Amino acid sequence: MEEQLAELAAKVAELEAAGGGAALTNTMFAEAYYYLTIPLMIIIHAGFLAYEMGASRAKNALSSGVKNILAFAFVIPAFYFFGWWVYWAFPTGFSLSEGPNGISGAAYAGSIALAWGESAAYMGPNTEDQIDGVFWGAFTLFAATTASIMSGAVIERIQTVGFVILAIILGGFSWTLAAAWGWHADGWLVTDWGVHDFGAAGLVHAVAAFFALGVLINLGPRIGKFNADGSANDLPGHNMPFTATGLMLIIVGFWGFLMARLVVGGEAWSWGGNYTTIYGTPTNLGALAFNILMSVAGGIIGAWVMTRDPFWMMSGALAGIISCASGLDIYYPALAFIIAFGAGIILKPAAGILEGMGIDDAVGAVTVHGTIGIYGMLLLGIFASGYPAALGEGVATVSFVGQLVGSVVFVAIGFITGYVASLILKIVGMLRVPEAAEIAGLDTVKVPAQAYPEGIAASAPASQ
Amino acid sequence: MGFPYDNGGTWTDVSGPIFMGAGTAMPGTFAVIGIVVCIVALAIGQRAEAAKYAKHK
């Protein structure tokens with residue numbers, strides 16, 4: 001009997017040890033999962049770098065690139081020093097009070113997201129915390145992406161430091177406020193209005209795009225863009241293959257961007273034992289695989305039908321993803337394809353309308369990310385009406401009105417902060433480069449390097 | 001600063017923050033310095049940029 005009891009105790013100890021090992025493996029998997037989204041999202045920035053340098057005229061190619069590099073570099077510490085705190089502090093609104101899940105408000109944010117005091121323990125290497133660093137890293141890359149979205153619209157005439165300040169405001173505050181309200185489980189747009197924006201069509205793309213629109217109004221068009229009668233001229237970039245490749249890199253990086261929106265299961269901070277969305281609602285990587293691929297295809301085909309232009313076709317791919325981003329977790333793939341096809345169709349005409357209003361958006365960022373982001377938000381309100389917006393009983397459900405309210409709020413956050421910040425920079429002379437510098441070319445004026453020291457001459461083929 | 005655990009200088013049984021200055025005022029000090037570095041870098045950049053534009057007025 002004693003032997004049997006001893007055997008039983010040994011067996012129990014063995015099972016407990018195995019269980020502990022499985023738990024540790026799950027924790028390490030979760031950590032690795034988010035860690036790997038970070039380099040994937042850096043590919044987005046490689047893409048934006050190539051895209052915007054290619055979309056610039058040769059005389060501005062490097063200065064456009066410098067702008068992208070600096071936005072990336074400055075948004076990271078900005079998000080470390082205050083952006084992460086904003087996300088956790090503001091979900092319930094400007095009251096900074098705690099929400100229903102108890103993971104928001106100034107007190108909570110101050111305990112986990114500040115780089116000083118007690119919360120510093122969660123903002124650096126910690127053997128007991130394998131998740132905050134990688135969560136922070138993923139969110140930091142979301143923030144940097146918003147700055148890159150704005151970046152393309154303003155190329156070839158914005159001052160570098162003025163742009164960096166705008167990038168810090170957008171990446172550290174504007175989009176973060178939108179994410180706190182529309183993404184966080186305690187966010188008032190989620191709890192009160194049932195806003196569902198899984199892939200951030202509104203709270204990343206539209207916020208960044210309408211921030212850019214606010215900036216563009218104060219910045220003005222490039223010299224030569226518009227004629228005296230208001231008609232627009234095309235100012236083509238110097239390297240379309242570079243631009244198209246950059247767009248493809250952005251799409252590659254978007255797999256990491258969207259993957260990071262899932263919450264891995266089985267951890268103390270998870271919503272349960274399996275993958276969920278950031279709202280706690282069920283989904284998995286299979287949903288993303290189906291819907292991202294179908295939406296990329298729909299967007300490309302729609303833009304091809306409309307334009308036959310590789311720039312708009314690749315922009316159509318991006319627009320396809322953005323148009324379905326809010327519901328990538330729940331769309332039926334064929335429906336995602338149709339919605340994305342529609343996005344590809346309306347893309348260039350929508351850009352034309354903006355241009356007709358005298359707005360010089362050099363890469364169509366306001367249209368691709370803003371118009372299409374709102375298009376996606378609203379369509380989800382129609383097709384997903386009645387879906388519970390969060391985990392639990394009695395939660396708000398998705399509705400067209402809720403998605404409309406969310407869209408208006410996201411547009412307002414982006415536009416107002418972008419307009420006001422750029423207006424202040426304009427008043428103090430830090431927004432636009434002088435006319436003579438713009439005409440001479442910004443690389444010549446301020447970049448101590450040459451993009452093409454030997455020119456871009458086509459080489460002759462080797463003799464046989 | 002130095003090793004943040006007063007346990008005779010071993011990793012055995014160490015659990016929690018392991019960064020330099022953990023549990024002291026140093027993280028806050030480094031954060032303030034980091035913020036100042038960002039602001040000064042922008043100020044220097046702005047001055048240099050304005051000087052370049054002054055030659056192209």
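Chain B has a radius of gyration of 21 Å, whereas a compact globule of 57 residues would have one near 10 Å. The radius is taken over C-alpha atoms, and the globule rule is 2.2 Å times the number of residues to the power 0.38. The structure is a predicted model, in which local features need pLDDT of at least 70 and side-chain atom pairs count only at pLDDT 80 or more, while totals for chains, interfaces and linings use all residues. Residues are numbered from 1 along each chain as its sequence is written, and chains are lettered from A and ligands numbered from 1 in the order in which they are written.

The C-alpha trace of chain B spans about 65 × 15 × 15 Å along its principal axes. Chain B contains one helix and zero strands; helices (H or I, at least four residues) and strands (E, at least two) are DSSP runs, numbered from the N terminus. Of its 57 residues, 4% count as buried. A residue is buried if 20 or more other C-beta atoms lie within 10 Å of its own, exposed if 12 or fewer, and partly exposed in between, with C-beta atoms placed from the backbone. Ile35(B) belongs to helix H1 of chain B and counts as partly exposed because it has 16 C-beta neighbours inside 10 Å. Between Ile35(B) and Gln46(B), 11 residues apart along the chain, the C-alpha separation is 17 Å.

Chain A has 15 helices and zero strands. Its radius of gyration is 24 Å, close to the 23 Å that the globule rule gives for 464 residues, so chain A is as compact as a globular protein of that length. The C-alpha trace of chain A extends over about 95 × 55 × 50 Å along its principal axes. Buried residues account for 56% of the 464 residues in chain A. Of the contacts in chain A between residues at least 6 apart in sequence, 77% join residues at least 24 apart; two residues are in contact if their C-beta atoms, placed from the backbone, lie within 7 Å.

Within chain A, the axes of helix H4 (residues 132-153) and helix H12 (residues 365-383) come within 8 Å and cross at roughly 135°. Axes are lines fitted to C-alpha atoms, for helices over the stretch in contact, and angles run from 0 to 180 degrees between N-to-C directions. H4(A) contributes Ile149(A), Gly152(A) and Ala153(A) to the contact, and H12(A) contributes Ala365(A), Val366(A) and His369(A). By class, the residues of this contact of H4(A) with H12(A) are four nonpolar, two polar and no charged. Here Ala, Val, Leu, Ile, Met, Phe, Trp, Tyr, Cys and Pro count as nonpolar, Asp, Glu, Lys and Arg as charged, and the others, Gly among them, as polar.

Helix H10 (residues 310-325) of chain A has 16 residues and reaches 23 Å from its first C-alpha to its last, close to the 22 Å expected at 1.5 Å a residue. The expected span is 1.5 Å times one less than the number of residues. H10(A) is mostly covered, with 15 of its 16 residues buried. Gly302(A), in helix H9 (residues 285-307) of chain A, is buried as well, with 29 C-beta neighbours inside 10 Å. Beyond its neighbours within four places in sequence, Gly302(A) has contacts that include Gly316(A), Ala340(A) and Ile345(A). Gly302(A) and Leu347(A), 45 residues apart in sequence, are 8.8 Å apart in space, C-alpha to C-alpha.

Most residues other than glycine have a negative phi. Leu96(A), which is not a glycine, has a positive phi of about 60° and is found in the loop between helix H2 (61-89) and helix H3 (106-112) of chain A. Leu96(A) is partly exposed, with 16 other C-beta atoms within 10 Å. Glu156(A) has a positive phi of about 75°; it lies in the loop between H4 and helix H5 (160-182) of chain A and counts as buried, with 24 C-beta neighbours inside 10 Å.

At the interface, 21 residues of chain B are in contact with 25 residues of chain A. The side of chain B that touches chain A comprises 11 nonpolar, seven polar and three charged residues. The axes of H5(A) and helix H1 (residues 26-54) of chain B come within 8 Å and cross at roughly 150°, and the two helices are therefore roughly antiparallel to each other. Thr160(A), Val161(A) and Val164(A) of H5(A) meet Leu42(B), Gly45(B), Gln46(B) and Glu49(B) of H1(B) in this contact.

Terms used. Parallel < 35°, antiparallel > 145°, perpendicular 65-115°, else oblique.
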